[in-house]
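Please look through the structure shown here before reading on. The paragraphs that follow move from a sheet to a helix, and then to cores and salt bridges.

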Amino acid sequence: MLNLAIDRGNTRIKAGLFRDGLLVQQFTCPDFPALGKELAGVTLQNAIMSSVSQESAELVQHIPVSGQRILFHAQTPVPVHNNYGTPHTLGVDRLAAAVGAQYLFKDHHCLIIDAGTCITYDLLEADGTFQGGSISPGVTMRYQAVHTFTGKLPLLEGYELPPRPGKTTAEAIQGGILYGAVAEAEGMIQHYERQYKPLTVILCGGDAPFFESTVKARIFVIPELVLIGLNRILEYNV
């Protein structure tokens, strides 16, 4: 029997099948009908979903399982101590990632960088206390902001680092956004390294490959971190 973990983000749905705590298969889908096709014929025991969408409470009830269905929310019991000041406003994906970090790196101070639509930096202390962190715009959001809130600057995209200094407006925009995001990440890592020694830095999210190749720090890249955390929360509750 398999457990199902679903992470519904701002732009896509990520799902993983787990057997005895191990991730055996994962999917990335644009919507729930596509995920349903991927899961056709799969026998599921339990399921958990984290979502940025409000209608997921109804959707989770339609997942065919023989056991329990959990919509992960602020009141769901978790195997870490949540020291966030406003737990009801905490993104459940951030907390799930912290649970995944605690499961994989027990007794380690962890800085979790989730580079997606937004870039989040969250601290999990070695005793399993989630302390919160920071949220900043992701790379795509930075490109969109530069275009939207100015009169003439173009809408760009991409992750190829331009020369410095930039000799064109496009190079200047790309350099400001990409080098700025890298400097931010390196600065965050250095800040927490001064307070927590040794510090384990974990990277996940859709833009993880860019930061993995550019940030000068020892980083564990675990794209499936949120799914691993969700499955751990599922096991903790069932």
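How many bridges join β7 to β10, and in which direction do these strands run? In this predicted model, β7 and β10 run parallel and are joined by six bridges.

As for covering, six of the six residues of β10 are buried. Leu199, Val201 and Leu203 point one way from the strand, while Thr200, Ile202 and Cys204 point the other way. In a regular strand, side chains alternate between the two faces of the sheet.

With 13 residues, α3 reaches 18 Å from its first C-alpha to its last, which is close to the 18 Å expected at 1.5 Å a residue. The helix is mostly covered, ten of its 13 residues being buried, and among the buried ones are Val92, Leu95, Ala96, Val99 and also Arg94.

Which residues have the most contacts inside the largest nonpolar core? They are Ile48, Phe72, Leu124 and Leu230, in a core of 30 residues. At least two residues of this core come from each of α3 (92–104), β7 (109–115), β10 (199–204) and α7 (225–237). Apart from its neighbours within four places in sequence, Leu230 is in contact with Ala5, Ile6, Asp7, Ile48, Ser50, Phe72 and Ala96. In soluble globular proteins, nonpolar side chains tend to be buried together.

Charged side chains also meet, and the structure holds three salt bridges. Arg94 forms one of them with Asp122, the closest N and O atoms being 2.6 Å apart. This pair links distant parts of the chain, since Arg94 is in helix α3 and Asp122, 28 residues apart from it, is in strand β8 (residues 118–124). Both Arg94 and Asp122 are buried.

In another salt bridge, the side chains of Arg142 and Glu184 meet at 3.0 Å, N to O. Arg142 lies in helix α4 (residues 139–148) and Glu184 in helix α5 (residues 169–195), so the pair ties together parts that are 42 residues apart in sequence. Arg142 is buried, with a relative accessible area of 15%, whereas Glu184 is partly exposed at 23%.

Asp7, named above as a contact of Leu230, forms a salt bridge with Lys14, with the closest N and O atoms 3.5 Å apart. Is Asp7 buried or exposed? At 7% relative accessibility, Asp7 counts as buried, while Lys14 is partly exposed, with a relative accessible area of 23%.

Notes
Residues are numbered from 1 along each chain as its sequence is written. This is a predicted model: local features need pLDDT of at least 70, side-chain atom pairs count only at pLDDT 80 or more; totals for chains, interfaces and linings use all residues. Side-chain values use heavy atoms; hydrogens and water are left out. A nonpolar core is a set of buried Ala, Val, Leu, Ile, Met, Phe, Trp, Tyr and Cys residues joined through side-chain atoms within 4.5 Å. Buried means under 20% relative accessible area, exposed over 50%, partly exposed in between (1.4 Å probe, protein chains only). Helices (H or I, at least four residues) and strands (E, at least two) are DSSP runs, numbered from the N terminus. Contact means heavy atoms within 4.5 Å. The expected span of a helix is 1.5 Å times one less than its number of residues. A salt bridge is a side-chain nitrogen of Lys or Arg within 4 Å of a carboxyl oxygen of Asp or Glu. Two strands pair if DSSP finds at least two bridges between them.
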